[in-house]
Amino acid sequence: MKYFTEQASVDIVNERMGVPADDRASVVMSSLVRHLHEFVEDVGLTEAEWDLAIDFLTRTGQISGPERQEFILLSDVLGVSMLVDAINHRRPESATESTVFGPFHVENAPIREMGENISLDGKGEPCLFEGRVSSTDGAPIAGAVVDVWSDNEDGYYDVQQPDIQPRWNNRGRFITGADGKYSFLGIKPTSYPIPDDGPVGQMLTRLGRHPYRPAHMHFLVSADGYERLVTHTFVDGDEYLESDAVFGVKESLIATYDKRDVGAQTIWTSEYDFVLASS
Ligand code: BEZ
Ligand code: FE
């Protein structure tokens, strides 16, 4: 086969590769070519649709930069991020499940004392988060870093509103002691739309999808000798639990939120234990 034909298109393209068939680049790209060609055939892609796709991808790249990553958002809303997470983190059943990382984590958040308040803008309904970090055999993990972040009452992360919110608002790192316990004060998270003013938002609208994520608290839990856990806890009863724009919800990650008397105040409390898989 020398020249391109519709019938032999996959082989013609893939046979052009100058690396061994078991080379990882060859494995990944030949599969991608096969799926892409099958997709084009399957939908009978028109030239106008091809133009639209090129324009969409061009705009997705143009709106991306150090502060915004529209391609990751695209991966998120297509369920690709969750699938990559799933196939790369097949943990023992007893270990806490992972979910999508999201774009709003910031490295090196302040290390705070147990029980400290991470809500610096004074907005939102106070909520005490507490629980324990343990291994799959139930032993507490000392020295685990519990890195947390959430949106504020208005549904924005501090990094989305650098001129409005205090730096490190609703963020912090907590280091467990011998009992493996963590606790911090934050706010009951609120649901919010993912950034929807770009091509991905336009695509969601075109597909009749909303951009909302159910309310959640982000956790990144790490400890020496254990797999890093990237996860959230979701607010039970949230109206978007079954239609998360990025498919991040897992039943085991839905946490309870109860009103409780803490000191002189009645506030929300949410208890959740994390179980880490050995690395
Ligand atoms: C987040 O939960 O912060 C998030 C995840 C995926 C896309 C956008 C935001
Ligand atoms: Fe989030």
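A: The classes are nonpolar (Ala, Val, Leu, Ile, Met, Phe, Trp, Tyr, Cys and Pro), charged (Asp, Glu, Lys and Arg) and polar (the others, Gly among them). This is a predicted model, in which local features need pLDDT of at least 70 and side-chain atom pairs count only at pLDDT 80 or more, while totals for chains, interfaces and linings use all residues. Residues are numbered from 1 along each chain as its sequence is written, chains are lettered from A and ligands numbered from 1 in the order in which they are written, and side-chain values use heavy atoms, with hydrogens and water left out.

Q: What volume does the largest pocket have?

A: Rolling a probe the size of a water molecule over the atoms shows where empty space is left. On a 1 Å grid over the protein atoms alone, a cavity is a set of points where a 1.4 Å probe fits but cannot get out, and a pocket is an open set with protein on both sides within 12 Å along at least five of seven lines; lining residues have an atom within 4 Å of a point. Grid points are joined across faces, edges and corners, and a volume is the space filled by probe spheres set on the points. Here the largest pocket has a volume of about 940 Å³.

Q: Which residues lie nearest the centre of the largest pocket?

A: They are Phe39, Glu49, Leu52, Ala53 and Phe56, out of 21 residues in the lining. Two or more lining residues come from each of helix 2 (24-43), helix 3 (47-62) and helix 6 (199-206). Helix 3 gives the largest share, nine residues. Helices (H or I, at least four residues) and strands (E, at least two) are DSSP runs, numbered from the N terminus.

Q: From which domains does the lining of the largest pocket draw at least three residues?

A: Domain 1 (1-45) and domain 2 (80-276) each give at least three residues to the lining of the largest pocket. The bounds come from an automatic or database domain assignment. Taken over C-alpha atoms, the centres of domain 1 and domain 2 are 41 Å apart.

Q: How much space lies in the second largest pocket?

A: The second largest pocket holds about 550 Å³ of space. It is lined by 24 residues, with Glu67, Arg68, Phe104, Gln160 and Pro195 closest to its centre. Helix 4 (70-77) and strand 5 (192-193) give two or more residues each to this lining, and the largest share, four residues, is that of helix 4. By class, the lining of the second largest pocket has 13 nonpolar, five polar and six charged residues.

Q: How many cavities of 30 Å³ or more are there?

A: The count is one cavity of 30 Å³ or more. About 90 Å³ of space lies in the largest cavity. Its lining includes Leu73, Asp76, Phe104, Arg213 and His218, and the whole lining divides into eight nonpolar, two polar and two charged residues.

Q: At what angle do helix 3 and helix 4 pack?

A: Axes are lines fitted to C-alpha atoms, for helices over the stretch in contact, and angles run from 0 to 180 degrees between N-to-C directions. Helix 3 and helix 4 pack at about 125°, and their axes are 7 Å apart. Angles under 35 degrees count as roughly parallel, over 145 as roughly antiparallel, 65 to 115 as roughly perpendicular and the rest as oblique. Helix 3 and helix 4 are therefore oblique to each other. In their contact (heavy atoms within 4.5 Å), Phe56, Leu57, Thr60 and Gly61 of helix 3 meet Glu70, Phe71 and Leu74 of helix 4.

Q: How do helix 4 and helix 6 cross?

A: The axes of helix 4 and helix 6 cross at roughly 25° and come within 9 Å. That makes helix 4 roughly parallel to helix 6. Glu70, Leu73, Leu74 and Val77 of helix 4 make the contact with Pro199, Val200, Gly201, Met203 and Leu204 of helix 6. These residues divide into seven nonpolar, one polar and one charged.
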